[in-house]
Amino acid sequence: EREQHQMSDEEVEHPLAGFRLSLSCRDLESMPDDIAMSEDAARWLELDLSDNQLDSFNNLERFTGLKSLVLDKNCLTSMAGFPAEHLQNLETLWLNGNQLADVEEVISVAEKLPRLKYLSVLRNPCAPHFLDPEKFQDYQLFRYYLVFRLPQLQFLDSSAVTAEDRKMAQQKGRYLKVARPTGAKPVGRPQPSRTAAAADESTDSGSEDTDEEAE
């Protein structure tokens, strides 16, 4: 599987082929300066940096033409320093398998990417594991919260955003609030607020009293 994602040295030396650059599985701790500073950096449309040792977003601001950025299986613990202002064409952002603990940081970045349609944050501390039966409900709340905050998304994690997702996001999203990361093992996941139970029982339109309590 790794051989399918790793480019040969010849392909790296001739970067215009396919407008897709894969630097996966190279034990990189940062984006190599020689590639980031090349005159072709802004011409790449897709960049795959999965299965490395990245702990920051250094040099990514040079890739201003990117539509797809894959950062799966790295060592990212925070979205601080993500160059959203330089990646305004980005449509796909994959962050699976890192150590991102605060979903609000992810949302804050995503809100600055006007063309973002595809987002995945599976296997991070901030995201409940949707395959674990005991955490499935937590994942559903997590999903509704992200769809509520990022309504432009068309695909989230492992599946497309459905009409039902959007309906539930509108009904429950505003009643969810994120537990901020604290301590040595932070968890930033959406949790039901005091009024979440009321939201489950309310009609689609809701009542003014419930709205005031939620605020």
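This is a predicted model: local features need pLDDT of at least 70, side-chain atom pairs count only at pLDDT 80 or more; totals for chains, interfaces and linings use all residues.
V103, E104 and I107 in helix α4 meet F142, Y145, L146 and R149 in helix α5.

**Helices α4 and α5**

- The residues in this contact divide into 5 nonpolar and 2 charged, with no polar ones.
- Helix α4 covers residues 103-110 and helix α5 covers residues 136-149.
- Their axes lie 11 Å apart, and the two helices pack at an angle of about 30 degrees.
- Angles under 35 degrees count as roughly parallel, so α4 is roughly parallel to α5.
- If you are looking at handedness, the crossing of α4 and α5 is right-handed.

**Helices α5 and α6**

- On the α5 side, the contact is made by L141, R143, Y144, V147 and F148.
- On the α6 side, D165, R166, M168, A169, Q170 and K172 take part.
- Sorted by class, the contact of α5 with α6 has 6 nonpolar, 1 polar and 4 charged residues.

**The cavity**

- The space in the largest cavity comes to about 40 Å³.
- To find the largest cavity in the model, look for its lining residues: S30, M31, L49, L54, S56, F57, N58 and L60.
- The lining of the largest cavity holds 5 nonpolar and 3 polar residues, and no charged ones.

Methods. Residues are numbered from 1 along each chain as its sequence is written. Side-chain values use heavy atoms; hydrogens and water are left out. On a 1 Å grid over the protein atoms alone, a cavity is a set of points where a 1.4 Å probe fits but cannot get out, and a pocket is an open set with protein on both sides within 12 Å along at least five of seven lines; lining residues have an atom within 4 Å of a point. Grid points are joined across faces, edges and corners, and a volume is the space filled by probe spheres set on the points. Ala, Val, Leu, Ile, Met, Phe, Trp, Tyr, Cys and Pro count as nonpolar, Asp, Glu, Lys and Arg as charged, and the others, Gly among them, as polar. Axes are lines fitted to C-alpha atoms, for helices over the stretch in contact, and angles run from 0 to 180 degrees between N-to-C directions. Helices (H or I, at least four residues) and strands (E, at least two) are DSSP runs, numbered from the N terminus. Angles under 35 degrees count as roughly parallel, over 145 as roughly antiparallel, 65 to 115 as roughly perpendicular and the rest as oblique. A crossing is left-handed if the near helix is turned anticlockwise from the far one by less than a right angle, and right-handed if clockwise. Contact means heavy atoms within 4.5 Å.
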